[in-house]
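Subject: Structure for you to look at

Hi,

Here is the structure I said I would pass on. Please open it before you read the notes below.

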Amino acid sequence: MSTFILPSNPNIYDAKNAFNDLHTIHWVQHNNKSVSIGDIIYIYESKPTQRIILKTQVIGRDIYSYHIDDSKYSTSGIDFSSKGPWLTLRLIENIDTCISLKDLHELGLKGSYVKNPDIKVRTNLTFNLNYLI
């Protein structure tokens, strides 16, 4: 099992409320071939929050039939149902501990910000994230 951090922009999609209300949602997969069923995905919310807000687990991948209605969580009016294929993610927990980008860098995350849709987290960072939560 691997761990990833995926970015979420609250100006485009209200991920926190979507997961809390629906518990399971589709997330754009892009060309990501390294995410597998069972993997853990942390959702990092960009400005203004700039911290990890959710821990999720992949329960489906290569989904081409968008059947979860999360349209009310689109804060930008974008219709995500036409952006497949998708991963299906299930909420594990809300992250109330403030784990900021600075914290992620101190734990070993490389790069100036979370932007890549398939940032795979190294084992030592995963351990430290789990310890903080």
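The notes below go from the overall fold to the ring pairs, the cores and one serine.

First, the ground rules. This is a predicted model, in which local features need pLDDT of at least 70 and side-chain atom pairs count only at pLDDT 80 or more, while totals for chains, interfaces and linings use all residues. Residues are numbered from 1 along each chain as its sequence is written, and side-chain values use heavy atoms, with hydrogens and water left out.

Overall fold

The protein chain has three helices and six strands. Both are DSSP runs, numbered from the N terminus: helices are H or I with at least four residues, strands are E with at least two. Their order along the sequence is β-α-β-β-β-β-α-β-α. The chain has 133 residues, and 45% of them count as buried. Buried means under 20% relative accessible area, exposed over 50%, and partly exposed in between (1.4 Å probe, protein chains only). The accessible surface comes to about 7,100 Å², and carbon and sulfur atoms hold 50% of it. That area is from the Shrake-Rupley method with a 1.4 Å probe; for residues, only the protein chains shown count as cover. Take the contacts with a separation of 6 or more: 74% of them are between residues 24 or more positions apart. A contact means heavy atoms within 4.5 Å.

Ring pairs

Rings of Phe, Tyr and Trp (its six-membered ring) pair if their centres lie within 6.5 Å; planes under 30 degrees apart are stacked, over 60 edge-to-face, and the rest tilted. The count is four aromatic pairs. One of them is Y13 with W27, edge-to-face at 6.2 Å centre to centre and 90° between the planes. Y13 sits in the loop between β1 (3-8) and α1 (15-22), and W27 is in strand β2 (residues 24-28), 14 residues apart. Y13 is buried, at 8% relative accessible area. W27 is buried too, at 11%. Y13 also pairs with F80: the centres are 5.5 Å apart and the planes at 85°, so this pair is edge-to-face. F80 lies in the loop between β4 (51-63) and β5 (86-94), so the pair ties together parts 67 residues apart in sequence. F80 is buried at 17%. Ring pairs join Y13, F19, W27 and F80 into a cluster.

Cores

A nonpolar core is a set of buried Ala, Val, Leu, Ile, Met, Phe, Trp, Tyr and Cys residues joined through side-chain atoms within 4.5 Å. The largest has 21 residues; Y13, F19, W27, I41, I43, L54 and L89 touch the most other members. Two or more residues each come from β1, α1, β2, β3 (40-45), β4 and β5. The largest share, four residues, is from β5. Another core lies apart from it, with ten residues, among them I5, I40, I95 and I99. Beyond its neighbours within four places in sequence, F19 contacts residues including I25, W27, I43, L54 and L89.

One serine

S74 is in the loop between β4 and β5. S74 counts as buried, at 15% relative accessibility. Its side chain reaches the backbone nitrogen of G77 at 3.2 Å. Not counting residues up to four places away in sequence, S74 touches I12, Y13 and F80.

Best wishes

Definitions and conventions
Polar contact = N/O pair within 3.5 Å; in protein donor to acceptor, adjacent residues only side chain to side chain.
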